Amino acid sequence: MSGKRRAFTAAFKAKVALEAIKGQRTLAEIAQHYQVHPNQVSTWKGEAVDHLSAAFEDGRRRREAVDDTALRDHLYQQIGQLKVELDWLKKGSGLVG
């Protein structure tokens, strides 16, 4: 056994998948050229086809989702800070006991 698995970058996977989608060469030829297993090529091709529609989604929706996540993170941070301040005030005033 070789011990270590090979790791492929997303750009490499996209290049192989795009070539498989074009269909100018067989999966076996592509696999031999890039030194990967033919099953891996077909897997990457399937993933690329399945996720292709995401490239054409409305950019505003993606930005809104990112903005919502950032706002949620900020609000959770603020809640945590207010809880710490409240506990500190309770402890200082002797209300906690």
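The largest nonpolar core brings together ten residues: Phe 12, Val 16, Ala 17, Ala 20, Ile 30, Ala 31, Tyr 34, Val 36, Val 41 and Trp 44. A nonpolar core here is a set of buried Ala, Val, Leu, Ile, Met, Phe, Trp, Tyr and Cys residues joined through side-chain atoms within 4.5 Å. Buried stands for under 20% relative accessible area, exposed for over 50%, and partly exposed for what lies in between (1.4 Å probe, protein chains only). Two or more core residues come from each of α1 (10-22), α2 (27-34) and α3 (38-51), and α1 gives the largest share, with four residues. These elements are DSSP runs numbered from the N terminus (helices are H or I, at least four residues; strands are E, at least two).

The model is a predicted one, with local features needing pLDDT of at least 70 and side-chain atom pairs counting only at pLDDT 80 or more, while totals for chains, interfaces and linings use all residues. Residues are numbered from 1 along each chain as its sequence is written, and side-chain values use heavy atoms, with hydrogens and water left out.

Now for the helix pairs. The axes of α1 and α2 come within 10 Å and cross at roughly 150°, which makes α1 roughly antiparallel to α2. Axes are lines fitted to C-alpha atoms, for helices over the stretch in contact, and angles run from 0 to 180 degrees between N-to-C directions. Angles under 35 degrees count as roughly parallel, over 145 as roughly antiparallel, 65 to 115 as roughly perpendicular and the rest as oblique. On the α1 side the contact is made by Phe 12, Lys 15, Val 16, Glu 19 and Ala 20, and on the α2 side by Leu 27, Ile 30 and Tyr 34. By type, these residues are six nonpolar, no polar and two charged. For this count, Ala, Val, Leu, Ile, Met, Phe, Trp, Tyr, Cys and Pro are nonpolar, Asp, Glu, Lys and Arg are charged, and the others, Gly among them, are polar.

As for α1 and α3, their axes come within 8 Å and cross at roughly 90°, so the two helices are roughly perpendicular to each other. Here α1 supplies Phe 12, Lys 13, Val 16, Ala 17, Ala 20 and Ile 21, while α3 supplies Val 41, Trp 44, Lys 45, Ala 48 and Val 49. That contact divides into nine nonpolar, no polar and two charged residues.

The axes of α2 and α3 come within 8 Å too, crossing at roughly 105°, and these helices are therefore roughly perpendicular to each other. Leu 27, Ile 30 and Ala 31 of α2 meet Pro 38, Val 41 and Ser 42 of α3, a contact with five nonpolar residues, one polar and no charged.

Arg 25 sits in the loop between α1 and α2 and counts as partly exposed, at 30% relative accessibility. Not counting residues up to four places away in sequence, Arg 25 touches Glu 19, Ile 30, His 33 and Tyr 34. Gln 35, in the loop between α2 and α3, has a positive phi of about 60° although it is not a glycine. Gln 35 counts as exposed, at 60% relative accessibility.

How values were computed
Contact = heavy atoms within 4.5 Å.
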